[in-house]
Amino acid sequence: PGEDYSWSLLCRANAAGPITGTFTIVTDAPDSPRVFDLRCDGIESSLAVNPSPAQFGERLIGDSEQQEIFIGNSGTAPLSLGSVTTTGRGFSVTAPPVAGLAPGESTSVFVTFTPDAADAGTDVHGTLDVVFDSGSRSIDLIGPARDAALNVTPSAEIDFGTICAGQSGDQLFVAVNTGTGGTQLDGVDVSGEGFTSALIAPTALPAPLAARGGSSATFRIAAAPPIGEVTGTLTLTAAIPGAAPTTIPLRARGQAGGIGASPGAIDFGGVVVGEPSGGRTVRLNNCDAGPITVDRATLSGAASGEFLAVSAEQTLPTTVPAGGSLLFIVELRPTTAGDKVATLTIGHGESETTIALTGLGVGDELTGDGARGSYYACNAGGDAHGATGLGVLGLALGMALRRRQIGRAHV
């Protein structure tokens with residue numbers, strides 16, 4: 001469903017005059033067979049044009065490709081050239097450098113294809129028309145027009161929350177190309193004190209990004225901030241003509257003492273209604289000099305019933321030693337489409353630490369037949385590729401969900 005198939009048809013004249021035929025496609029569709037009438041005209045001509053047809057490669061909107069087209073005199077008498085023009089949006093041609101050709105001589109013109117945004121995702125058809133003293137010749141021009149769009153999850157500001165001095169927190173990112181033509185990710189750059197980047201798959205740039213999410217680039221940003229609040233910027237550059245770099249603000253707080261959570265907020269991105277987002281981890285850091293007792297974890301807010309949060313390591317209450325941490329796994333399972341907002345509150349004695357939770361429920365009508373295997377369902381959860389201790393966390397979440405009599409969990 002939704003796929004295309006194309007045939008290239010060639011008319012090779014063996015005599016002067018009209019040539020007719022048919023092209024028939026037989027399928028199991030109700031309107032089969034489909035019959036197309038074909039016609040071409042065999043002409044007596046000493047003008048040779050090569051290549052014919054002229055096939056251009058896939059070009060992104062804003063990019064151009066130029067092909068050299070040779071025009072020759074294959075006859076025994078001199079030939080006078082007239083106009084050389086093109087039809088079809090996006091095609092242009094240079095004028096021939098000479099007005100006439102002696103027998104056996106040739107010249108060339110350059111045809112340029114610059115796709116228009118209105119043609120994105122289609123193959124543009126045109127002609128190169130050459131007028132000479134004995135008539136005219138036309139050859140087909142075919143230019144695939146494509147677009148590319150860089151989509152990054154998560155894409156909102158990333159707040160790594162509070163991180164104890166000497167420790168670090170990280171966030172997984174996935175970049176895909178949602179356009180109709182291939183491109184590549186050229187740069188993953190991060191600014192701000194204590195922020196670093198690392199590619200996971202592939203391990204080197206440039207990273208190819210196939211059309212329509214056919215491939216992805218996964219990378220991790222780590223934060224090991226100094227004491228106090230720091231900000232930074234993640235900048236992504238792709239080989240998309242005219243496109244500005246994608247920037248994502250980063251924020252983190254280094255803490256010498258006290259209790260904090262990393263990250264301080266989680267954006268799940270788009271998640272298909274009825275599907276799990278995949279587990280995201282929250283680390284509660286005890287930067288105090290003594291142990292603390294974590295005795296509760298609650299969800300509140302308008303969409304709290306569509307989020308799930310469990311301790312990944314132990315049941316509550318539990319003790320977190322000085323300099324230690326406690327992991328929680330949070331998951332979004334939207335039951336309706338629309339924005340989802342909730343708050344995770346982790347209580348330790350008389351104090352509480354809060355983490356803001358956001359996401360978007362995406363209806364099946366927006367995702368098509370591939371919703372259950374969609375990029376969002378698999379990747380928006382973030383830690384599905386390479387999170388530290390993933391196996392332990394997955395087992396813990398599975399056991400916790402089983403205790404809560406929930407059927408299954410994806411981490």
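Arg 212 is exposed, because its relative accessibility of 62% is over the 50% mark. This residue sits in the loop between strand S18 (207–209) and S19. The model is a predicted one. Across the whole structure, a search finds 13 salt bridges. One of the sheets is open and has four strands.

**Backbone features**

- Most residues other than glycine have a negative phi, and most peptide bonds are trans.
- Ser 32 and Pro 33 are linked by a cis peptide bond, with omega near -5 degrees.
- Pro 33 belongs to the loop between strand S1 (17–25) and strand S2 (34–42).
- Another cis peptide bond runs from Thr 153 to Pro 154, where omega is about -5 degrees.
- Pro 154 is in the loop between strand S13 (150–153) and strand S14 (158–164).

**The four-stranded sheet**

- Strands of a sheet pair through backbone hydrogen bonds, either parallel or antiparallel.
- Here the order is S13-S15-S19-S17, and the pairing is antiparallel.
- S13 and strand S17 (195–201) are the edge strands, and each pairs on one side only.
- On average, neighbouring strands of this sheet are turned by 25 degrees against each other, direction ignored.
- Eight bridges connect S15 and S19 in the antiparallel sense.
- Gln 171 faces Ile 221, which is in S19.

- Arg 220 is part of strand S19 (residues 216–223).
- Arg 220 counts as buried because its relative accessible area, 13%, is under 20%.
- A salt bridge links Arg 220 to Asp 170, with the closest N and O atoms 3.4 Å apart.
- Asp 170 lies in strand S15 (residues 169–177) and Arg 220 in strand S19, so the pair ties together parts that are 50 residues apart in sequence.
- The side chains of these two residues, Arg 220 and Asp 170, are also joined by a polar contact of 3.4 Å.
- Asp 170 is partly exposed, at 37% relative accessibility.

**Other salt bridges**

- Glu 352 and Arg 296 meet through their side chains in a salt bridge of 3.5 Å, N to O.
- Glu 352 is in strand S31 (residues 351–362) and Arg 296 is in strand S26 (residues 296–300), so this pair ties together parts that are 56 residues apart in sequence.
- Arg 296 has a relative accessibility of 27%, so this residue counts as partly exposed.
- Glu 58, Asp 123 and Arg 146 form one network, joined by salt bridges that share partners.
- Arg 59 pairs with Asp 63 in a salt bridge, and their closest N and O atoms are 2.8 Å apart.
- Arg 59 is partly exposed, with a relative accessible area of 21%.
- Asp 63 is partly exposed too, with a relative accessible area of 28%.

Note on methods:
Residues numbered from 1 in each chain as written. Predicted model: local features only at pLDDT ≥ 70, side-chain atom pairs only at ≥ 80, totals over all residues. Heavy atoms only, no water. Helix = DSSP H or I, 4+ residues; strand = E, 2+ residues; numbered from the N terminus. Buried < 20%, exposed > 50% of the residue type's maximum accessible area, 1.4 Å probe, protein only. Polar contact = N/O pair within 3.5 Å; in protein donor to acceptor, adjacent residues only side chain to side chain. Salt bridge = Lys/Arg side-chain N within 4 Å of Asp/Glu carboxyl O. Pairing = 2+ DSSP bridges. Axes fitted to C-alpha atoms, helices over the stretch in contact; angles between N-to-C directions.
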